[in-house]
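Work through the exercises below with the sequence and the model side by side. Each task is followed by its solution in steps.

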Amino acid sequence: QVQLVESGGGLVQAGGSLRLSCAASGSILDINVMGWYRQAPGKQRELVARISRAGSTNYADSVKERFTISKDNAKNTVYLQMNSLKPEDTAVYYCKANGAPYDPYLEIWGQGTLVTVSS
């Protein structure tokens with residue numbers, strides 16, 4: 001089974017940028033949807049952005065025009081470019097793989113990476 005490992009989190013000032021990476025231990029070519037989620041202290045986990053097998057993308061309203069999700073199938077890696085960061089973006093960011101032709105119920109989470117945005 002594919003495993004996901006996130007990296008790239010850290011401390012950044014408001015207005016700054018970070019790029020998160022989600023490296024898969026196997027091919028993501030057949031994964032239906034790869035997504036980034038986040039969970040702030042005391043809050044529920046929420047969808048940030050997702051990208052389909054065909055490359056179509058969706059974003060939470062709160063991050064539109066600031067975040068960009070992309071993937072490199074050759075490197076089995078999904079990225080989240082985060083620009084114009086705000087203190088409210090502070091959270092643990094998780095990568096998730098959803099569904100595949102061989103297993104439509106597939107659901108794999110990474111361990112998360114912490115992003116802290118200071119004001």
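**Exercise 1.** Locate Asp-89 in the chain and decide whether Asp-89 is buried or exposed.

Solution. Start with the position: Asp-89 lies in the loop that runs between strand 8 (77-82) and strand 9 (91-100). Strands are DSSP runs of E of at least two residues, numbered from the N terminus. The model is predicted, so local features need pLDDT of at least 70 and side-chain atom pairs count only at pLDDT 80 or more, while totals for chains, interfaces and linings use all residues. Residues are numbered from 1 along each chain as its sequence is written, and side-chain values use heavy atoms, with hydrogens and water left out. Next, take the accessibility: Asp-89 is buried because its relative accessibility is 0%. The cut-offs are under 20% relative accessible area for buried, over 50% for exposed, and partly exposed in between (1.4 Å probe, protein chains only).

**Exercise 2.** Which residues does Asp-89 touch, leaving out those up to four places away in sequence?

Solution. Contact means heavy atoms within 4.5 Å. By this rule, Asp-89 touches Arg-38, Arg-66, Phe-67, Ser-84, Val-115 and Val-117.

**Exercise 3.** Find the salt bridge between Asp-89 and Arg-38, and state where each partner sits.

Solution. A salt bridge needs a side-chain nitrogen of Lys or Arg within 4 Å of a carboxyl oxygen of Asp or Glu. Side chains of opposite charge can pair when their charged atoms come close. For Asp-89 and Arg-38, the closest N and O atoms are 2.9 Å apart. The pair links distant parts of the chain: Asp-89 is in the loop between strand 8 and strand 9, and Arg-38 is in strand 4 (residues 33-39), 51 residues away. Arg-38 is also buried, since its relative accessible area is 5%.

**Exercise 4.** How many salt bridges does the structure hold? Describe the one between Arg-38 and Glu-46 and the one between Lys-64 and Asp-61.

Solution. The count is five. Arg-38 and Glu-46 meet through their side chains at 2.7 Å, N to O. Glu-46 is partly exposed, as its relative accessible area is 36%. Lys-64 pairs with Asp-61, with the closest N and O atoms 3.1 Å apart. Lys-64 is partly exposed at 41%, whereas Asp-61 is exposed at 64%. Salt bridges with shared partners join Arg-38, Glu-46, Arg-66 and Asp-89 into one network.

How values were computed. Helices (H or I, at least four residues) and strands (E, at least two) are DSSP runs, numbered from the N terminus.
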